Structures are given as C-alpha cells and as structure tokens.
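User: I would like to learn how to read a few features in a structure. Could you take me through them, with the general idea before each case?

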Amino acid sequence: MPVTRMPAASKSAPAGPGIKADYEGHFRAALDRLHGERRYRVFADIERIAGRFPTANWRRADGSTREITVWCSNDYLGMGQHPEVVGALTETARRCGVGAGGTRNIAGNNSPLVDLERELADLHGKEAGLVFTSGYVSNQAGISTIAKLIPNCLILSDAFNHNSMIEGVRHSGCEKRIFRHNDLAHLEELLVEAGDRPKLIVFESVYSMDGDVAPIGRICDLAARHGAMTYLDEVHAVGLYGPRGAGIAERDGVMDRVDVIEGTLAKGFGCVGGYITASAAICDAVRSFAPGFIFTTALPPAVAAAARASVRYLKRSSAERDAHQRQAARTKAALEAAGLPVLPTETHIVPVMVGDAELCKAAADHLLEFHDIYIQPINYPTVPRGTERLRITPSPFHDEAQIGKLTAALAETWDALDLPRAGTVFVEAAE
Ligand code: PLP
C-alpha cells in the first residue's frame with residue numbers, strides 16, 4: 001500500500017519583518033494540487049437509521065434529504081444497531097455518564113474498559129488485552145513500542161500493510177525490510193539475510209482493498225524456523241471469521257502461534273476503539289511505554305460496554321457471520337453475471353474495478369444521484385493509481401431485492417459512463 005506523501009510547500013514570497021506570510025495560500029495551493037491530481041475527496045453527508053440498516057438519509061448540499069442504501073459500510077454485520085449493543089451503550093451512559101474523565105494515568109481505569117480487555121483476551125486466547133481509542137492508534141502505538149523495546153529489532157513488514165502499521169514501523173525507529181505482499185519466499189529470504197538478530201513480522205489477515213487473505217500458519221512456520229516474533233492485524237476479520245469471531249487466525253486454528261493479535265472495535269463489532277491482545281508482559285510494557293496509550297483520554301465507559309456486548313454476542317452467535325458470507329457471495333455472483341469487473345476475492349469484500357480516478361468518482365456520484373446508492377470511490381493513495389475501484393461491502397441486512405437493485409444500477413452506470421467490463425486488465429500506473 002503506498003504511503004501518503006505530504007505535498008511540497010507552495011512557493012510564495014517570504015514575509016518581511018512585521019508582514020504576515022500568506023499562510024492560507026499554502027493550504028489553498030495544497031488543495032489545488034489535490035484537485036489537479038483528481039484525488040480531492042468529498043464525503044457524503046449521511047445519517048444512518050438504527051433498525052433500518054443499510055438504509056440512511058443523505059443530506060444534500062441544498063439541505064434536502066433523500067433515503068439511500070449504503071453499500072460501503074465497514075459496520076460489516078450491522079452490529080452498530082444491534083439491540084444488545086445499543087442497550088449496553090445507553091444503560092452504561094445513564095449509569096456512568098459520557099466521557100472517561102481523562103487518560104488512564106490521570107483518571108484511572110473505568111470498569112467497563114477492564115471488563116472489555118478481559119473479554120478480548122479471552123476472544124483471542126491470550127493472557128491480556130489492551131484497548132486504545134482506535135485501531136489506527138493500536139497499530140501505531142503497539143508496533144512502535146513493541147519493536148522499540150526489543151534491542152536491535154529488524155521489522156519485516158508486508159508491502160500492502162495499512163498506513164497505521166507503516167506509521168508504527170516508522171515511529172519505532174527500527175530498521176525495516178518490506179516483503180512482497182503475501183510472498184513467503186521473499187519473507188524467508190529476508191529472514192535468512194537477517195541472521196540471528198531479533199525480528200518482528202508485521203502483517204494483516206484480510207487485506208481490505210483486494211479482499212485477499214494472508215497464509216498466517218505458513219508465516220508462523222517461517223517465524224518459528226527463523227526465531228521471529230509475529231504481529232497480526234485482524235481488523236477486517238474480527239467478528240467475521242472463526243467459530244467465536246476471533247478472526248482468520250481462529251478460523252485457521254493458528255491463533256496460539258501468533259504473538260500479538262491486533263483488532264478494531266469499529267468494524268465487525270460496530271462500535272469504536274482498537275486493541276492488542278498478547279502475553280501479559282507485552283500488554284503491560286505497551287501500557288507502560290506507549291505515548292499513544294498514555295497521553296490520550298481513555299475510551300468512554302459506555303462505548304467500552306457496547307463493544308463488550310458486541311464481542312460477547314458474536315462469540316456465541318454465528319448467524320450473522322453465515323448470513324454475511326452468504327450475501328457477499330450472492331452479491332459477487334450477481335455482479336459477475338452482469339459482466340462487471342469484479343476482482344475475485346476469497347472474503348466478504350467485493351471490489352468492482354474502474355481503473356481511473358475521475359471515472360471512479362463519476363460512477364459513485366451517478367449511483368448516488370440517480371440510484372440512491374452510496375458507494376464511496378476508492379482512489380490513490382488508498383489504492384495504486386490505475387486500480388481505482390468501488391469497494392462494495394455487503395452485510396447480512398442487504399436483501400435480495402437490494403442486491404438486484406445494486407446490480408441493475410451498476411450495469412446502467414457502467415453503460416452510461418462507458419466503463420471497463422469484466423476481462424479488462426487493470427495495471428498499476430508507474431509512479
Ligand atoms: N488496520 C487496518 C488494516 C485498517 O484497514 C484500518 C482502518 O480501516 C485500521 C487498522 C484502523 O482501524 P480503525 O478504523 O479502528 O482506526
């Protein structure tokens with residue numbers, strides 16, 4: 001995954017003594033460059049409707065609203081509206097109030113957060129869990145702190161890792177090697193090259209843009225053979241895979257072989273927050289040394305209680321996971337049958353390729369304006385240029401009628417904009 005680059009500062013005349021520089025000009029120039037590169041982002045203003053997921057109200061620029069169907073939410077199972085989850089949130093907010101009252105260093109733990117960490121440790125079969133304010137922060141703080149505490153650590157990072165992991169690697173200050181995406185031979189080559197020094201392999205289970213899956217067990221085999229530690233991001237898998245919703249490592253029976261499992265509470269679990277689970281010593285060390293943990297206000301008790309309710313529910317119920325896989329498979333089949341360029345995936349993610357930033361945005365606008373369907377366009381730097389796409393995320397709540405409507409709407413949009421059909425080869429543009 002490419003790294004987000006900061007645009008170069010605009011060149012304006014230096015300010016003289018007592019003359020304020022045209023600071024605003026720098027920001028306008030940066031935005032102009034984004035427009036020029038056709039990757040300025042616009043977010044739809046929508047309000048989700050609890051009890052009617054995936055239906056939402058879209059507030060248009062003129063202030064009017066229209067009911068739309070959301071096809072790009074990462075609340076994959078609709079747990080954000082589940083009665084047990086909403087109930088836990090509202091009951092705890094009434095009992096404990098809203099905010100956490102500060103960082104844990106200043107204001108102490110809140111009990112729902114402690115219970116949530118125990119629940120997560122149990123989910124992944126680890127000694128301990130540590131909750132952060134987001135999955136992003138958990139990766140950035142977790143990877144950087146763990147690697148920094150291992151003297152002379154070399155980090156081996158998958159080329160498609162998420163930006164939060166890249167930032168974690170960068171903040172560690174450790175030497176790094178990037179292995180080609182899911183390429184075991186290349187990973188082994190780098191492990192051999194590294195020799196006896198300590199090594200940390202960081203990778204994801206489900207890669208969210210291409211929807212492919214890492215060979216976790218085989219990466220653990222390599223780690224064991226070459227004496228490396230493993231750190232796995234299960235952000236796009238927790239709640240969704242495995243008999244209790246612990247992710248792909250659980251599904252594959254290799255959870256105990258991974259040293260650190262990181263996840264989010266924001267996607268499959270429908271809330272907000274992130275976490276790591278690992279040995280008691282690792283979690284305690286991150287708790288004690290990570291600035292991203294120490295210096296920010298803790299997750300509010302009501303959110304922690306809601307997240308715990310979601311985790312607990314999905315440990316015992318597989319109905320949502322089964323329906324999710326079924327509806328994702330039906331969506332893929334319907335779109336493929338319509339001749340749309342669906343990237344084949346082995347997971348719940350359904351990328352429909354466009355291959356051009358402007359057309360991708362135009363397709364998303366067309367779907368919203370003429371079909372009341374919301375799918376956010378995915379452009380560079382989230383995906384390489386030339387592989388722009390609509391990333392569709394069916395849920396258990398997208399029914400047959402909605403799948404039919406989506407298929408017809410995409411087919412009409414593809415005709416109207418003359419977009420590439422199935423069989424087109426999408427090539428990453430050279431940087
Ligand atoms: N890891 C991966 C692979 C992600 O895709 C994301 C976000 O989409 C995150 C971590 C960050 O998680 P959160 O949204 O909880 O901050």
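Analyst: For Thr264, an N or O atom in the side chain is 2.6 Å from a ligand oxygen, while Tyr136 uses a polar backbone atom, 2.9 Å from an oxygen of the ligand. Taken alone the ligand exposes 390 Å², and the protein buries 84% of that. Such accessible areas come from the Shrake-Rupley method with a 1.4 Å probe; for residues, only the protein chains shown count as cover.

This is a predicted model, in which local features need pLDDT of at least 70 and side-chain atom pairs count only at pLDDT 80 or more, while totals for chains, interfaces and linings use all residues. Residues are numbered from 1 along each chain as its sequence is written, and side-chain values use heavy atoms, with hydrogens and water left out.

User: How many residues surround the ligand, and which are the closest?

Analyst: A residue counts as near a molecule or strand if one of its heavy atoms lies within 4 Å of it. By that rule 13 residues surround the ligand, the closest being Gly135, Tyr136, Asp233, His236 and Thr264. Helix H5 (residues 135-148) gives the largest share of this shell, with 3 residues. Helices (H or I, at least four residues) and strands (E, at least two) are DSSP runs, numbered from the N terminus.

User: How do I read burial along a helix? Which residues of H6 are buried?

Analyst: Buried means under 20% relative accessible area, exposed over 50%, and partly exposed in between (1.4 Å probe, protein chains only). Helix H6 (residues 163-172) is mostly covered, with 7 of its 10 residues buried. They are Ser164, Met165, Ile166, Glu167, Gly168, Val169 and Ser172. These residues pack against H5 and against strands S5 (154-158), S6 (175-179), S7 (199-204) and S8 (228-233). After H6 comes Gly173, whose phi is positive, near 75 degrees.

User: What does Ile248 touch, leaving aside its neighbours within four places in sequence?

Analyst: Contact means heavy atoms within 4.5 Å. With those neighbours left aside, Ile248 is in contact with Ser205, Val206, Val213, Ile216, Glu234, Ala237 and Tyr241. Ile248 lies in helix H9 (residues 248-251) and counts as buried, at 0% relative accessibility. Beyond its neighbours within four places in sequence, Thr407 is in contact with Ala334, Leu335 and Ala338.

User: Now salt bridges, please. How many are found in the whole structure?

Analyst: Side chains of opposite charge can pair when their charged atoms come close. The rule applied is a side-chain nitrogen of Lys or Arg within 4 Å of a carboxyl oxygen of Asp or Glu. A search of the whole structure finds 34 salt bridges. One of them joins Glu67 and Arg52, with the closest N and O atoms 2.8 Å apart. Glu67 lies in strand S3 (residues 65-70) and Arg52 in the loop between S1 and strand S2 (55-59), so the pair ties together parts that are 15 residues apart in sequence. Glu67 is partly exposed at 42%, and Arg52 is partly exposed at 38%.

User: Which residues pair with Glu175?

Analyst: Arg177 forms a salt bridge with Glu175, at 3.1 Å between the closest N and O atoms. Arg197 also meets Glu175 in a salt bridge (2.8 Å, N to O). This second pair links distant parts of the chain, with Arg197 in the loop between helix H7 (184-194) and S7, and Glu175 in strand S6, 22 residues apart. Arg197 counts as buried at 18% relative accessibility, whereas Glu175 is partly exposed at 37%. Elsewhere, a network of salt bridges links Asp115, Arg118, Glu119, Asp122, Arg244, Arg308, Arg312 and Lys315.

Terms used:
Polar contact = N/O pair within 3.5 Å; in protein donor to acceptor, adjacent residues only side chain to side chain.
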